[in-house]
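Hi,

Here is the structure I promised to pass on.

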Amino acid sequence: MKTLMKTLTVDLGERSYPIFIGQGLLTKAELVRPYVKGSQVMIVTNETVAPLYLDTVKALFHGTDLQVESVVLPDGEQYKSLEMVDRVYDAMLAARFDRKSTLIALGGGVIGDLTGFVAATYQRGVNFIQIPTTLLSQVDSSVGGKTGVNHPRGKNMIGAFHQPQAVIADTDTLNTLDDRQ
């Protein structure tokens, strides 16, 4: 089956990055692998998305020498917190991730914002790739480099701007959302 794909480029000079949009993109290693820096990949996802897509994304790296790890967080806006950031830091430190590692945000806006924040702050900044799985995250939160977490006194009060290496928006992921979404 032929994959229909559109590629857009966010033009930021040397920080420019592609946005791949189409069906069946989660199985296309050639879209993800060129944007992995170093030899370590940490996939950050949540309890809702992991059973649907985590194994598929891990399979993108089969047959490579990359160290691929994952951390699965609870699902929900209330988990867009420094506590969950610490869970990702802990997983990266326990697996001895270095400055050349790459994070992959696999999920909606909460996962994308949180993973981007971790990428902006782990060892003063590492690379990351966005794989948004909701409509809102595909058209908004995965693009533009806005990252952050909530604080008990306000939403998105702690954050940084940190551009992804690439965004892979597989529109097939929208099929698993409820009709309202």
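**What turned up**

Valine 139 sits in helix H5, residues 135-141 (helices are DSSP runs of H or I with at least four residues, strands are runs of E with at least two, and both are numbered from the N terminus). Before going further: this is a predicted model, where local features need pLDDT of at least 70 and side-chain atom pairs count only at pLDDT 80 or more, while totals for chains, interfaces and linings use all residues. Residues are numbered from 1 along each chain as its sequence is written, and side-chain values use heavy atoms, with hydrogens and water left out.

Back to valine 139: its relative accessible area is 60%, so it counts as exposed (over 50%; buried is under 20%, partly exposed is in between, with a 1.4 Å probe and protein chains only). Together with Leu135 and Leu136, Val139 makes a nonpolar surface patch of about 310 Å². For such a patch, residues need over 30% relative accessible area and no salt bridge, and nonpolar side chains (Val, Leu, Ile, Met, Phe, Trp, Tyr) are joined within 5 Å.

Of its 34 lining residues, Gly108, Gly109, Val110, Thr134 and Ser137 are the closest to the centre. Helix H2 (50-59), helix H4 (109-121), H5, strand E7 (146-151) and strand E8 (154-161) each give two or more residues to this lining. E8 gives the most, with six. By class, the lining has 11 nonpolar, 16 polar and seven charged residues; Gly counts as polar here.

As for salt bridges (a side-chain nitrogen of Lys or Arg within 4 Å of a carboxyl oxygen of Asp or Glu), the whole structure has two. One joins the side chains of glutamate 77 and lysine 155, at 2.7 Å from N to O. Glutamate 77 is in the loop between strand E4 (67-73) and helix H3 (82-94) and lysine 155 is in strand E8, so this pair ties together parts 78 residues apart in sequence. Glutamate 77 is partly exposed at 34% relative accessibility, and lysine 155 is exposed at 52%.

The other bridge pairs lysine 80 with aspartate 113, also 2.7 Å from N to O. Lysine 80 is in the loop between E4 and H3 and aspartate 113 is in helix H4, 33 residues apart. Both lysine 80 and aspartate 113 are buried.

Cheers

Terms used
Patch = residues over 30% accessible without salt bridge, like charges linked within 9 Å, V, L, I, M, F, W, Y side chains within 5 Å. Areas by Shrake-Rupley, 256 points an atom, 1.4 Å probe, with all protein chains shown as cover. 1 Å grid on protein atoms, 1.4 Å probe; cavity = no way out; pocket = protein on both sides within 12 Å on 5 of 7 lines; lining within 4 Å.
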